[in-house]
Amino acid sequence: MSYEEAGYKVVHESDNFEIRYYEERIVIQARSKSGNSSFRKLFNYISGQNKDEKKIEMTTPVTVLQDNDQMVMQFYLPSRFNVNSAPLPADNSLEIATINAGYFAVIRYSGFASDKNFYKHSQILKRSLDNEKILTLGQPIKATYNGPFTLPQLRRNEAMYLVQFE
(Lines give C-alpha, C1' and ligand atoms only; values in the text may rest on other atoms or scores of the structure.)
Protein backbone atom coordinates (compact mmCIF):
# COMPACT_ATOMS: atom_id res chain seq x y z
CA MET A 1 0.00 0.00 0.00
CA SER A 2 1.38 3.38 -1.02
CA TYR A 3 0.83 6.49 1.08
CA GLU A 4 1.43 10.12 0.16
CA GLU A 5 4.77 11.17 1.60
CA ALA A 6 5.74 14.67 2.66
CA GLY A 7 7.63 16.03 -0.35
CA TYR A 8 11.19 17.27 -0.12
CA LYS A 9 14.26 18.12 -2.16
CA VAL A 10 17.67 16.64 -1.25
CA VAL A 11 20.13 19.56 -1.08
CA HIS A 12 23.20 17.82 0.42
CA GLU A 13 24.36 14.20 0.60
CA SER A 14 27.01 12.80 2.91
CA ASP A 15 28.25 9.27 3.62
CA ASN A 16 25.51 8.43 6.10
CA PHE A 17 22.97 11.27 5.97
CA GLU A 18 21.29 13.76 3.70
CA ILE A 19 19.89 17.22 4.14
CA ARG A 20 16.42 17.79 2.77
CA TYR A 21 14.47 20.96 2.16
CA TYR A 22 10.80 20.61 3.06
CA GLU A 23 8.12 23.15 2.15
CA GLU A 24 5.61 24.19 4.80
CA ARG A 25 3.45 21.24 5.93
CA ILE A 26 0.20 20.83 7.85
CA VAL A 27 -0.13 18.25 10.64
CA ILE A 28 -2.65 17.03 13.16
CA GLN A 29 -0.82 16.53 16.43
CA ALA A 30 -1.30 15.23 19.94
CA ARG A 31 0.70 16.17 23.03
CA SER A 32 1.10 13.83 25.97
CA LYS A 33 3.45 12.84 28.78
CA SER A 34 3.95 9.54 26.95
CA GLY A 35 3.00 8.76 23.34
CA ASN A 36 0.81 5.78 24.21
CA SER A 37 -2.65 7.26 23.59
CA SER A 38 -1.61 9.73 20.89
CA PHE A 39 -1.54 7.31 17.96
CA ARG A 40 -5.12 6.12 18.63
CA LYS A 41 -6.42 9.70 18.91
CA LEU A 42 -4.70 10.72 15.67
CA PHE A 43 -5.87 7.58 13.88
CA ASN A 44 -9.45 8.26 15.04
CA TYR A 45 -9.19 11.78 13.60
CA ILE A 46 -8.21 10.56 10.11
CA SER A 47 -10.81 7.77 10.38
CA GLY A 48 -13.59 10.35 10.46
CA GLN A 49 -13.82 11.35 14.10
CA ASN A 50 -13.44 15.01 13.26
CA LYS A 51 -15.99 17.85 13.11
CA ASP A 52 -16.58 17.29 9.36
CA GLU A 53 -16.85 13.49 9.85
CA LYS A 54 -14.43 13.20 6.91
CA LYS A 55 -12.11 10.25 6.41
CA ILE A 56 -8.61 11.36 5.53
CA GLU A 57 -6.04 9.14 3.87
CA MET A 58 -2.99 8.08 5.87
CA THR A 59 0.29 9.75 4.91
CA THR A 60 3.90 9.23 5.89
CA PRO A 61 5.90 9.74 7.93
CA VAL A 62 4.45 9.72 11.43
CA THR A 63 6.76 11.89 13.51
CA VAL A 64 7.43 12.06 17.23
CA LEU A 65 9.43 14.73 19.00
CA GLN A 66 10.08 15.94 22.52
CA ASP A 67 8.81 19.44 23.36
CA ASN A 68 9.86 20.36 26.89
CA ASP A 69 8.24 17.72 29.10
CA GLN A 70 5.75 16.58 26.46
CA MET A 71 5.87 14.07 23.64
CA VAL A 72 4.34 15.38 20.39
CA MET A 73 3.11 12.87 17.80
CA GLN A 74 2.21 14.21 14.35
CA PHE A 75 0.33 12.85 11.35
CA TYR A 76 0.97 14.86 8.18
CA LEU A 77 -2.20 15.80 6.38
CA PRO A 78 -2.47 15.19 2.62
CA SER A 79 -1.09 18.04 0.52
CA ARG A 80 -4.59 19.04 -0.62
CA PHE A 81 -5.24 20.50 2.85
CA ASN A 82 -4.14 23.81 4.26
CA VAL A 83 -4.62 25.15 7.77
CA ASN A 84 -8.06 26.54 6.83
CA SER A 85 -9.40 23.52 4.93
CA ALA A 86 -8.31 20.74 7.32
CA PRO A 87 -11.25 19.30 9.27
CA LEU A 88 -11.26 20.55 12.84
CA PRO A 89 -10.64 17.86 15.44
CA ALA A 90 -13.60 16.67 17.50
CA ASP A 91 -11.13 15.78 20.28
CA ASN A 92 -9.98 18.98 22.00
CA SER A 93 -6.63 17.41 22.88
CA LEU A 94 -5.67 17.40 19.18
CA GLU A 95 -4.49 20.42 17.25
CA ILE A 96 -3.88 21.35 13.64
CA ALA A 97 -0.42 22.90 13.28
CA THR A 98 1.92 24.18 10.60
CA ILE A 99 5.51 23.01 10.31
CA ASN A 100 7.48 25.81 8.72
CA ALA A 101 9.57 25.22 5.64
CA GLY A 102 13.15 24.35 6.47
CA TYR A 103 16.20 22.13 6.18
CA PHE A 104 16.29 18.78 7.94
CA ALA A 105 19.27 16.47 8.28
CA VAL A 106 18.14 12.84 8.03
CA ILE A 107 19.68 9.44 8.70
CA ARG A 108 17.73 6.37 7.58
CA TYR A 109 17.67 3.03 9.39
CA SER A 110 15.66 -0.20 9.45
CA GLY A 111 14.45 -2.37 12.29
CA PHE A 112 12.04 -1.49 15.04
CA ALA A 113 11.39 2.19 15.73
CA SER A 114 12.25 1.64 19.39
CA ASP A 115 13.55 4.50 21.51
CA LYS A 116 16.89 2.67 21.78
CA ASN A 117 17.25 2.32 17.98
CA PHE A 118 16.15 5.93 17.45
CA TYR A 119 18.53 7.27 20.11
CA LYS A 120 21.46 5.34 18.61
CA HIS A 121 20.83 6.74 15.12
CA SER A 122 20.08 10.27 16.29
CA GLN A 123 23.46 10.28 18.08
CA ILE A 124 25.24 9.02 14.93
CA LEU A 125 23.55 11.79 12.95
CA LYS A 126 24.40 14.45 15.56
CA ARG A 127 28.08 13.45 15.57
CA SER A 128 28.17 13.55 11.74
CA LEU A 129 26.58 17.00 11.71
CA ASP A 130 28.98 18.26 14.36
CA ASN A 131 31.91 16.92 12.29
CA GLU A 132 30.65 18.84 9.25
CA LYS A 133 29.98 21.93 11.41
CA ILE A 134 26.26 21.90 10.62
CA LEU A 135 24.25 23.51 13.42
CA THR A 136 21.24 21.57 14.77
CA LEU A 137 18.18 23.53 15.89
CA GLY A 138 16.25 21.65 18.56
CA GLN A 139 15.70 18.06 19.54
CA PRO A 140 15.87 15.03 17.22
CA ILE A 141 12.67 13.91 15.51
CA LYS A 142 11.69 10.26 15.03
CA ALA A 143 10.02 9.53 11.67
CA THR A 144 8.41 6.17 10.90
CA TYR A 145 7.02 5.09 7.55
CA ASN A 146 5.65 1.56 7.94
CA GLY A 147 2.80 -0.16 9.73
CA PRO A 148 3.32 -2.58 12.60
CA PHE A 149 3.05 -5.67 10.39
CA THR A 150 6.03 -4.75 8.19
CA LEU A 151 9.00 -7.04 8.78
CA PRO A 152 11.68 -5.20 10.80
CA GLN A 153 14.37 -5.51 8.11
CA LEU A 154 12.00 -3.90 5.58
CA ARG A 155 11.02 -0.95 7.76
CA ARG A 156 12.02 2.60 6.98
CA ASN A 157 12.74 4.76 9.98
CA GLU A 158 14.57 8.06 10.19
CA ALA A 159 16.13 10.30 12.78
CA MET A 160 15.95 13.97 11.80
CA TYR A 161 17.20 17.32 13.03
CA LEU A 162 16.11 20.75 11.91
CA VAL A 163 19.38 22.38 10.82
CA GLN A 164 20.79 25.69 9.78
CA PHE A 165 21.89 25.16 6.19
CA GLU A 166 22.41 27.24 3.05
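In the protein chain, the mean positions of the 20 positive and 19 negative charges lie 6 Å apart; Lys and Arg count as positive and Asp and Glu as negative, with His and the chain ends not counted, and each charge is placed at NZ of Lys, CZ of Arg, CG of Asp or CD of Glu. The model is predicted, so local features need pLDDT of at least 70 and side-chain atom pairs count only at pLDDT 80 or more, while totals for chains, interfaces and linings use all residues. Residues are numbered from 1 along each chain as its sequence is written, and side-chain values use heavy atoms, leaving out hydrogens and water.

Two helices and eleven strands make up the secondary structure of the protein chain (DSSP runs, H or I of at least four residues for helices and E of at least two for strands, numbered from the N terminus). Along the sequence, their order is β-β-β-β-α-β-β-β-β-β-α-β-β. Among contacts (heavy atoms within 4.5 Å) between residues at least 6 apart in sequence, 69% join residues at least 24 apart. Of the 166 residues, 44% are buried, where buried means under 20% relative accessible area, exposed over 50% and partly exposed in between (1.4 Å probe, protein chains only).

A closer look can be taken at one residue. T136 sits in the loop between α2 (115–131) and β10 (141–144). With a relative accessible area of 15%, T136 is buried. Beyond its neighbours within four places in sequence, T136 is in contact with K126, L129, Y161, L162 and V163.
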